[in-house]
Structure formats: C-alpha cells, structure tokens
Amino acid sequence: MSLRGGLDLGGTKIQAIVFDTGDERVLGQARRPTPQEGGPAAVTGALVEALQEATQGAGLVPERLAGVGVGSPGETDSAQGTVAHASNLPDWDAPFALAAALSERFGAPVSIGNDVDVATQAEFQLGAGRSASSLLGVFWGTGVGGGLVFEGQPWSGRGAAGEIGHMVIKRDGARCPCGRRGCMEAYAGRRAMEERARLLTDRGRKTELFRIMRERGRSNLSSGVWARALSRGDELASEVVERAVGALGAGIASAVNLLDIELVVIGGGLGVRFGEPMAERIFAAMRPHLFFDDRPPVVRVAALGDLGGAIGAALLSERLSPAPAPA
Ligand SMILES: [Zn+2]
C-alpha cells in the first residue's frame, strides 16, 4: 500500500484526494475554489487546506503520505518543482517554487506536473486507456488541452507537446484566446462557445442559456448550463455545440492522421458532462477527415471523470518520488 496525495489545480477549483496506489482507491477527497487574488501564496494556502481536508476524510495526517503530486496549469518544471506563466491563476507569471512551499507544509515530498499530462497518464494507467499502448487525451473545457502517450510512455516533446487546441482547422478563421486565428479552441473551447452564444444573442437570436446561467447563480456558461440547455432543445445552444463538435472532429482527425494512435479519450468539463453520446458525435465528425477511414481509432469518454487530474497527480508523485524500500 502506498498512500499518495493528489492535487488538481484548476483556474476555478482545486480538487484534492488521498489515493492508495496499491489497490487504486480514493480514500478521501475535498474541493476548494481557487483563489482569484493573492498570487501564489494564496493558492498555496488553498492547496494546503484542500489536502488537509482530504487527509482528514481518510483518517490521516499529511505526514503519513509517501508523497504528494500536483497537476498544474502554466509552465511546469518537474525537476525544479516550479510553475510559471499560469495565466488562469492570480498574479502568477514568474516561476514560483510550489513543490518546496508545499513540501514544507506537508512534511512529504511534492512533485509537480502539467495538469493535462497527468490526467492523460491517469486515463492510460487506470482509466479508459488501460488496454491501449498509445492514446491521445483531449480535454474539452474552458480551453481544449491535449496529452499523448506513445508506446506506453508519456510524450511531451521538448515540454510543450499536446497543444491540440491550437491545431489550425481554418486558416484566417475565428480569433482564438491565444491571439492567433483559426485554432480548434477558437470554435470548441467553452470560452469561445460562450462568446459565440453572446454574439448570436446580440444579433437577436433567442436562447435559454443565459437565463439558466442566472438561475444557477453562475457568471459564465458552465458545462452544466450547456448540458441543461441542450436537454431543453435550445436551438442556439445546439448550433454552437454542433460547431464545436465539427471543430473537434477536424482537429482530432488531423492529429490521428499524423500519429495513428489507437485510442482517443475525451475528458475535460464539457467532455465528461456530455458523456458518451457526444463522444459518438465527435467520432462521426472525425470520420470524413480520416485518411485511413477503414480502421479508425476508438473514441471514449474519460473513465475517471472529474477525479482524473487528481488521480494522475497522485500517480505522478509515485513515478517521481518512489517510496524508500522498507528497511
Ligand atoms: Zn489558439
């Protein structure tokens, strides 16, 4: 039995778990909103609280953990234990030594990895990709992130591989949040989808989206809001989602044409919320673009759901800081 802490650090929420890597069980979990101000110090404080609550839930103290992993946005450096340029986190541009700050508080070694990479690795080891040797993880949420496993090994290139959201699906197309044009994310990212919905509303189209958003006390169109609007047959919502699915189909199929991976795992807030029926629609949208269309890859929804990132972080901790052999 090896008890590991896993922290999934997102722009809006922090998910903490205590994970037994021996029998692959989540023993405790806690969730916290990500501080929107206060810089790395405030975020570090929230990470500490979240993991403390999760360990309490498991009837433990953090010092009992063999290690803690963090899946973080921004530029992560596993060797240095730092995170830099995390644009979704408050005042977090310069490299911050997150691993050192956390390990001092936890009394356990802390490993840092890229959020999408660790979530992909979790699906590969314990989720939808268990029987696969190569897979592409597509995390469909605020943006669209990607992670790769080739022949059983994570592939990160020179550190920046997997940016599938910025595959160009239309030259001189829609403006992407990254500032470029025609990226897949400019059509499929939740932020871009919301912009599209607002634009169409401004042009006089009717939709329930923003009313559902207000009813739920939200300030933006969350995955749940989109799902609710679709279930009510909202035409504008269907149209924007259809546009996103078309973009995902083109971008993912292009990646498959290049890499010939055997499995595509669809995760992220929207991917998990929409589930299997949407994965089937993405598959259908890929088909016309597949060069070898007689043996397409399998497309599945992430099996670990919302906890995949935190489980991946716990697994990262095991990979990077193996427990000392018993004396
Ligand atoms: Zn882009």
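Which residues are buried in helix H7 (residues 223-231)? The points below start there and then move to other parts of this predicted model.

1. **Helix H7.** Five names answer the question: Ser-223, Gly-224, Val-225, Trp-226 and Ala-229 are buried in H7. What covers them? The cover includes helix H5 (190-202) and helix H6 (209-215). It also includes helix H8 (235-259) and helix H9 (268-286).

2. Five strands form an open sheet. Read across it, and the order is E3-E2-E1-E4-E7. The pairing is mixed. Strand E3 (25-33) and strand E7 (110-114) stand at the edges. Each has a single partner strand, so one side of each is left without a neighbour in the sheet. Neighbouring strands are turned by 20° against each other on average, direction ignored.

3. **One strand pair.** Strands of a sheet pair through backbone hydrogen bonds, either parallel or antiparallel. Strand E4 (residues 67-72) and E7 pair in the parallel sense. Five bridges join E4 and E7.

4. **The zinc site.** Which atoms coordinate the zinc ion? They are ND1 of His-166 and the SG atoms of Cys-176, Cys-178 and Cys-183. These donors lie at 2.0 to 2.4 Å. Along the chain they follow the spacing H-x9-C-x1-C-x4-C. Why is the arrangement tetrahedral? The four donor atoms subtend angles of 103 to 114° around the zinc ion, and that makes it so.

5. Are Cys-176 and Cys-183 buried or exposed? The cut-off for buried is under 20% relative accessible area. Cys-176 has 3% relative accessibility, so it counts as buried. Cys-183 has 1%, so Cys-183 counts as buried too.

6. **Thr-44.** This residue lies in helix H1 (residues 39-57). Thr-44 counts as buried because its relative accessibility is 7%. A polar atom of the Thr-44 side chain lies 2.7 Å from the backbone oxygen of Pro-40. Leave aside the neighbours within four places in sequence, and Thr-44 is in contact with Phe-96, Leu-98, Ala-101 and Leu-102.

Technical notes
Residues are numbered from 1 along each chain as its sequence is written. This is a predicted model: local features need pLDDT of at least 70, side-chain atom pairs count only at pLDDT 80 or more; totals for chains, interfaces and linings use all residues. Side-chain values use heavy atoms; hydrogens and water are left out. Two strands pair if DSSP finds at least two bridges between them. Helices (H or I, at least four residues) and strands (E, at least two) are DSSP runs, numbered from the N terminus. Axes are lines fitted to C-alpha atoms, for helices over the stretch in contact, and angles run from 0 to 180 degrees between N-to-C directions. Donors are N, O and S atoms within 2.8 Å of the metal (3.2 Å for Na, K and Ca); water is not among the atoms, so sites may look incomplete. Four donors count as tetrahedral if all angles lie between 85 and 135 degrees; four count as square planar and six as octahedral if opposite donors are over 155 degrees apart and all others between 65 and 115; anything else is irregular. Buried means under 20% relative accessible area, exposed over 50%, partly exposed in between (1.4 Å probe, protein chains only). Contact means heavy atoms within 4.5 Å. A polar contact is a pair of N or O atoms within 3.5 Å; within protein, one must be able to donate a hydrogen and the other to accept it, and residues adjacent in sequence count only if both atoms are side-chain atoms.
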